[in-house]
Amino acid sequence: MNRMFIHKLRESLLSVMPLSVLVVLLNLTPLVHFSMREVLLFSVSSLLLVLGIALFNLGADLAMTPMGEHVGAGLTKSARLSLLLSVCFMLGVLITVAEPDLTVLAEQVSAVIDPTLLTVAVGVGVGLFLLLGVLKIVFSVSLSSMLMFFYMTLFAVAALVISTGKAPMLSMGFDSGGVTTGPITVPFIMALGVGIAASVGGKHAGENSFGLIALCSVGPILAVLFLSVFSEGNLENPIDPSSYAVAEELLSAAGETLGSVAWEVFLALGLVVCFFFIIDIIFLRLPKKRIEQILIGALFTYVGLVVFLSSVHIGFMPIGYKLGASLATESKSLLLGAAFILGLVVVLAEPAVHVLKKQVEDITDGTVSAHSMLLALSIGVGVSLLLSAIRIVFDFSLLYYLIPGYLISLGLSFFVPRMYTAIAFDSGGVASGPLTSSFILPFAIGACMALDPSGESVLANGFGIVAMVAMTPLITIQMLGFRAVVKRRRQEKIALRRILTASDAQIIEFI
């Protein structure tokens, strides 16, 4: 256990270091001016972030992934489809309602939509689409065709939102799809898919295990877009800049944040663990030793998430906001360059990304390596932040990116192996985790407020950055698959050419 934790600690240190070093180096330039108090707060938060990610990843290996696999496999073997679907729907709703990422988004848009209404609607959306994802695995339905249908529906609903004069709400709606697939949701749902696919079997069991995260990202967007049509919130000035400032009474603010985060994570994780034990008592009946391991893993997950989310809320949100505001004030071109570099490194610190890359490498037997996954995700997120910064500077609709982006993504799905498409669409939801909503989103909002102090463009331009982070990996990872297809066909042509040009003697010798 100690050796495993040290490995996780080293891995998380390498993940967080690039982002932390980048922020500190920017502070040494004339572009950004953080106070000594802010630098100290960010440094301490970075160290806590390393500890939090390490504990979370250890807990995910010991508890969250085994729980999901046991539930998926156990309920599928019971051969009662109605039971499996009912349990999956309830799990989708319960996990999402208490997902810390969703709470962060709901708090930042509370002036526009009631946070409770937003949370419940998104939870139902995830539950319904998790149910559809399970049906996809059980009946081996093509993920590409399902995504094609639902994204066409999405953009039809987006047109409805625009026709009602609520166009600024589009960005927030598409952001909701990324933030709901957070650190608690991702390990459990991915493992659930693996367990169900393994029990159903078939030659496509590996690729069928992916795709649940992709579908669960669609439900929240539809739910929030429908809510937007009937929303009567404040669209002109939805953000209070003072909420991103470092608290005067830092210790009391830290204690308050720690308490609220501890309760939110306890509620989220408690719901999952209790639901799992109910299922275990009735259906699974796992050995006592396995239950003890899961409990220990759940404790590691809990402590890790509390440390991670508390440090992000206290130290990263205010720094992200000030960084975006300072760079936008100094130079628009510097804002674009910094956004791209931040995107390259921020995805490394997302805890759920490490769960995804390990699971992908295991299921594909190393065909898709963890290194190539990280590289593709890093480039994708870097490009997404650059494009988002361009949108902030030049003020145009998010749909100018999303429509061609998803057309390319869905088009590529016809030319690459289905495994790559499923992994790519899952990666989009995973890449947009808590650090994106708590550091990158404030960064974008700070840049918007610096360029437009009235705050009227924040809802349309500041938001939408999470949606972009969720979209670009769909293209970059499928490009990996496209490259693999082209490489294989080239090798086959070379082999065929050698056979055709070989002499009879060479063929006989070869045989």
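**Figure 1. Methionine 152 counts as exposed, at 58% relative accessibility.** The model is predicted. Methionine 152 sits in helix 6, which spans residues 143–163. The cut-off for exposed is over 50% relative accessible area, so the 58% of methionine 152 qualifies. A second residue, alanine 198, is 46 residues away along the chain. The C-alpha atoms of methionine 152 and alanine 198 are separated by 31 Å.

Figure 2. Serine 140 is not a glycine, yet its phi is positive, at about 55°. Most residues other than glycine have a negative phi. Is serine 140 buried, partly exposed or exposed? Serine 140 has a relative accessible area of 47%, which means partly exposed, since that class lies between 20% and 50%. Valine 141 is also partly exposed, at 35% relative accessibility. Asparagine 208 is 67 residues from valine 141 in sequence. In space, valine 141 and asparagine 208 are 8.9 Å apart, C-alpha to C-alpha.

**Figure 3. Aspartate 395 has a positive phi in the loop between helix 16 and helix 17.** Helix 16 covers residues 370–394. The phi of aspartate 395 is near 55°. Aspartate 395 is a residue other than glycine. Its relative accessibility is 52%, so aspartate 395 counts as exposed. The cut-off here is over 50%.

**Figure 4. Helix 2 and helix 13 cross at roughly 150°.** Helix 2 runs over residues 36–77 and helix 13 over residues 288–330. Their axes come within 5 Å. The crossing angle makes helix 2 roughly antiparallel to helix 13, because angles over 145 degrees fall in that class. Which hand does the crossing have? Helix 2 passes helix 13 in a left-handed crossing. What classes of residue make up the contact of helix 2 with helix 13? By class, there are 25 nonpolar, 11 polar and 3 charged residues.

**Figure 5. Helix 5 packs against helix 11 at an angle of about 140°.** Helix 5 holds residues 115–138 and helix 11 holds residues 218–230. The two axes are 7 Å apart. Helix 5 and helix 11 are therefore oblique to each other. The class of roughly antiparallel needs an angle over 145 degrees. Helix 5 passes helix 11 in a right-handed crossing.

**Figure 6. Helix 17 and helix 21 cross at roughly 30°.** The axes of helix 17 and helix 21 come within 9 Å. That angle makes helix 17 roughly parallel to helix 21, because angles under 35 degrees belong to that class. The crossing of helix 17 past helix 21 is left-handed. Helix 17 spans 399–412 and helix 21 spans 465–501.

**Figure 7. The largest cavity has a volume of about 130 Å³.** The structure holds 2 cavities of 30 Å³ or more. How many residues line the largest cavity? There are 15 lining residues. Tyr151, Ser217, Tyr406, Gly429 and Ala470 lie nearest the centre of the largest cavity. Which elements give two or more residues to this lining? They are helix 7 (169–179), helix 17, helix 18 (418–431) and helix 21. By class, the lining has 10 nonpolar and 5 polar residues.

**Figure 8. Glycine 178 is buried in the model, at 1% relative accessibility.** Glycine 178 is found in helix 7. Buried means under 20% relative accessible area, so glycine 178 falls in this class. Leucine 267 is 89 residues from glycine 178 in sequence. How far apart are the two in space, C-alpha to C-alpha? Glycine 178 and leucine 267 are 21 Å apart.

Key
Residues are numbered from 1 along each chain as its sequence is written. This is a predicted model: local features need pLDDT of at least 70, side-chain atom pairs count only at pLDDT 80 or more; totals for chains, interfaces and linings use all residues. Side-chain values use heavy atoms; hydrogens and water are left out. Axes are lines fitted to C-alpha atoms, for helices over the stretch in contact, and angles run from 0 to 180 degrees between N-to-C directions. Helices (H or I, at least four residues) and strands (E, at least two) are DSSP runs, numbered from the N terminus. Angles under 35 degrees count as roughly parallel, over 145 as roughly antiparallel, 65 to 115 as roughly perpendicular and the rest as oblique. A crossing is left-handed if the near helix is turned anticlockwise from the far one by less than a right angle, and right-handed if clockwise. Ala, Val, Leu, Ile, Met, Phe, Trp, Tyr, Cys and Pro count as nonpolar, Asp, Glu, Lys and Arg as charged, and the others, Gly among them, as polar. Buried means under 20% relative accessible area, exposed over 50%, partly exposed in between (1.4 Å probe, protein chains only). On a 1 Å grid over the protein atoms alone, a cavity is a set of points where a 1.4 Å probe fits but cannot get out, and a pocket is an open set with protein on both sides within 12 Å along at least five of seven lines; lining residues have an atom within 4 Å of a point. Grid points are joined across faces, edges and corners, and a volume is the space filled by probe spheres set on the points.
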